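Reader: I have a new structure open and would like to learn how to read it. Could you walk me through a few features?

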Amino acid sequence: AAAAAALRTEMAGCHAELGALRAAADVATEAVRLCEVAGLETMQVRARLRRALALEELERFPEAAADFSWVARAGGAPARAAQEGLARAGRGITQARELAGHAEAEAAAAPPPAERRAVPHAGHPQFVPRGKAGAPF
């Protein structure tokens, strides 16, 4: 199990280097699962850090923050990187909430579509100039 977890962790790193972030997150998830089964704490730190970095790039900030906080609590050498990643993920969560709030406010302030307006307006087909026989120009 240790060899399989190490292999999956390295595969996740390779996928991340190639830009296949979804594959990197999936393979790192497998590595984390194998590490949990085998009880490999140090290998799990590396696997969770790789998964957190991939999830951060995929803009899945809450999941990335959970992995970053796990790595920060575990301590060791990557704890500083995990704390920095946790701060980035926190900013990403805040920005996502702000963008969702702006989108809701814009949707509420937008006028209704033309087909739902009660009063005829200038763009309504009734007011399009037609010419002598009613055909469009």
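This is a predicted model: local features need pLDDT of at least 70, side-chain atom pairs count only at pLDDT 80 or more; totals for chains, interfaces and linings use all residues.

Reader: Let's begin with helix 2. What length does helix 2 reach from its first C-alpha to its last?

Author: Helix 2 covers residues 21–38 and reaches 25 Å, close to the 26 Å expected at 1.5 Å a residue.

Reader: Which residues of helix 2 are buried?

Author: They are Ala24, Ala25, Val27, Ala28, Ala31, Val32, Leu34 and Cys35. Their cover includes helix 1 (2–18) and helix 3 (41–57).

Reader: Now for pairs. How are two packed helices described?

Author: By the angle between their axes and the distance between the axes. Here, helix 4 (residues 61–74) packs against helix 5 (residues 79–109) at about 155 degrees, and their axes are 8 Å apart. Because angles over 145 degrees count that way, helix 4 is roughly antiparallel to helix 5. The crossing is left-handed.

Reader: Which residues make the contact?

Author: Among them are Phe61, Pro62 and Phe68 of helix 4, and Leu86, Arg88 and Ile93 of helix 5. The contact residues comprise 12 nonpolar, four polar and one charged.

Reader: Finally, Arg48 in helix 3. Is Arg48 buried or exposed?

Author: Arg48 has 10% relative accessibility, so Arg48 counts as buried, the cut-off being under 20%. Leaving out residues up to four places away in sequence, Arg48 touches Val32, Glu36, Asp67, Trp70 and Val71.

How values were computed. Residues are numbered from 1 along each chain as its sequence is written. Side-chain values use heavy atoms; hydrogens and water are left out. Helices (H or I, at least four residues) and strands (E, at least two) are DSSP runs, numbered from the N terminus. The expected span of a helix is 1.5 Å times one less than its number of residues. Buried means under 20% relative accessible area, exposed over 50%, partly exposed in between (1.4 Å probe, protein chains only). Contact means heavy atoms within 4.5 Å. Axes are lines fitted to C-alpha atoms, for helices over the stretch in contact, and angles run from 0 to 180 degrees between N-to-C directions. Angles under 35 degrees count as roughly parallel, over 145 as roughly antiparallel, 65 to 115 as roughly perpendicular and the rest as oblique. A crossing is left-handed if the near helix is turned anticlockwise from the far one by less than a right angle, and right-handed if clockwise. Ala, Val, Leu, Ile, Met, Phe, Trp, Tyr, Cys and Pro count as nonpolar, Asp, Glu, Lys and Arg as charged, and the others, Gly among them, as polar.
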